[in-house]
Structure formats: structure tokens, C-alpha cells
Amino acid sequence: MEQRKFLLCLILGLLAASGPAKTVNADSPFDFYYLILMWPGAYCTDSEYGCCVPKYGYPSEDFFVKSFMTFDSSENTAVVRCNSDNPFDINKLDSIENNLNHYWSNIKCPRTDGVNSWKSEWNSYGVCSGLKELDYFKAGLQLRKNADVLSALAEQGIKPDYQLYNTAFIKWAVNQKLGVTPGVQCRDGPFGKKQLYEIYLCVDKDAKSFIDCPVLPNLSCPAEVLFHPFHTWMLNTTSAANIVIPTETVLA
């Protein structure tokens, strides 16, 4: 029996050692933030159940904050769930609740009020930032506003209009506004094309300044990507169900 226990522990230990660690539970300092901005048009078209109007109402027709992630470049891993005596308290976010609803939104189905997403973000990364809860979320929202990626793209003629755009040109357009080059993540889209889904921006530990990314995850995008439109009427208002996206002819 003891030999069997020893062998079982040995096997489990080897399995744990061989698996790639993507996150760490640590109190150690992080090196920078990833501000991950999501384009909701891509989410709606490639999600199994489409997308839903959040319980609080319609979000903005813009890039959302998906995550404000603390990252350790030396370990090439996110720093998460640091020891903290600061549990999430939604009441601390009363002064920015409207902005959270519009720009740090959750449009998954079934409908949600977003609180669980904010709680998860705080418990995963916010507690590692060293910021107070309100300051952490205010920083993410302010950085999204300062980046203004949708306008940066529009200034270079890149618009959510079903057209194909050069991925390198998308990065260049953001660089022209912010002075740093973003990472770009794509996902499956209509017409058998890949579509623009996420923009990765790196932020200094001061939670105010954009910086060139010391490292980026293994993001996947082809040379040309589709920029899918997003309108609030695309959001399902009742139950989780697949939605039909109009064709280019209908939109015209």
C-alpha cells in the first residue's frame, strides 16, 4: 500500500512539473500590465450563443476593457491571486458604475450584470496591483479612454465595415496615436475570414503610461483581417440563442 501511495505521488509530481505554468500565485512584484481591449463585434459573431444585452442596459459601441492584467516578464506569466486582505466590494465602485457598465462590459449569454466579471478581475489581478479597488478600475477605464483605439483606427481609414485590413497597418495606426505598437489577436469571422478581436497594450507599473511591450503572448492573426461592425441591435434581449448577422447587402 505504501509503495502504491509513493508511486501515485511520484506520478502526480511529474505531471505537475511537466505542465506549462501560465499563471502564478505570488506576492512578488509584477513588471507591467496588459490592457486587453475586446471588440464586441467579433465576440458576437463567433460566440456559440451570440451576445446578450447586459441586465443593466446597452453598452457602448466601442472597444471594451476585457482585462487589466498584472504580468511578470521574467517568468513570462500573469501574476494572479496575490495574498490580500482586500476582498472585492461592489459598493466601492458606485462612483464609476456607469462607466463600467458602458466600457468594461460583459455581453455573454445568458445575461449578466457584470459584477462577477469585475469581481474575478479584482481577485485575479487587482489585488496584485497594489492599487485600491476603485483606483484599479478607474485606471483601466482611463487607459481605455486615452487609447481610444476605435478613433485611432478610424483616423487611418480603418473602420468596422466588413472590409479586410492589413494587420501590420492596424498596429501602425495604433502606434501613430500612442507611440507604442500593440499586439493583435483574431478569431474566426464570417466569409471564412479571421476578424479583429483583441488589442493588447502594455502599461507601465504606474498604471498611467503606455509602454512598448517587453513580451507578448502567442497571438494569432493572418496578414489581413476583417473588421466586423458592432451595433447594439446585435445584442439578444431575451435568452441565449444564436443570432443572425445581416449580410453586406442588407447593411447597404
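First, a term: a disulfide here is a pair of cysteine sulfur atoms within 2.5 Å. Now, two housekeeping points. This is a predicted model, where local features need pLDDT of at least 70, side-chain atom pairs count only at pLDDT 80 or more, and totals for chains, interfaces and linings use all residues. Residues are numbered from 1 along each chain as its sequence is written, and side-chain values use heavy atoms, with hydrogens and water left out.

How many disulfides does a search of the whole structure find? The search gives 5. Count the bonded cysteines along the chain, and the pattern reads 1-2, 3-5, 4-6, 7-10, 8-9.

Let's take three of these links.

Start with Cys202 and Cys213. Their disulfide has an S to S distance of 2.1 Å. The link of Cys202 and Cys213 is right-handed, with 110 degrees about the S-S bond. This pair links distant parts of the chain, 11 residues apart. Cys202 is in strand β7, residues 194-203. Cys213 sits in the loop between β8 (210-211) and β9 (224-226). Helices (H or I, at least four residues) and strands (E, at least two) are DSSP runs, numbered from the N terminus.

Is Cys202 buried or exposed? Buried means under 20% relative accessible area, exposed over 50%, and partly exposed in between, using a 1.4 Å probe and protein chains only. Cys202 has a relative accessible area of 1%, so Cys202 is buried.

Next, Cys82 and Cys128. Their sulfur atoms are 2.2 Å apart. This link is right-handed too, at 115 degrees about the S-S bond. Cys82 counts as buried because its relative accessibility is 10%. Cys128 is buried as well, at 9%.

Third, Cys44 and Cys51. Their S to S distance is 2.0 Å. The link is right-handed, with 105 degrees about the S-S bond. Both Cys44 and Cys51 are buried.

On to the core. A nonpolar core is a set of buried Ala, Val, Leu, Ile, Met, Phe, Trp, Tyr and Cys residues joined through side-chain atoms within 4.5 Å. The largest one here has 68 residues. Phe63, Phe68, Phe137, Leu153 and Leu201 have the most contacts inside it.

Look at Phe137. Contact means heavy atoms within 4.5 Å. Setting aside neighbours within four places in sequence, Phe137 is in contact with Phe88, Leu93, Ile96, Leu100, Trp104, Trp118 and Trp122.
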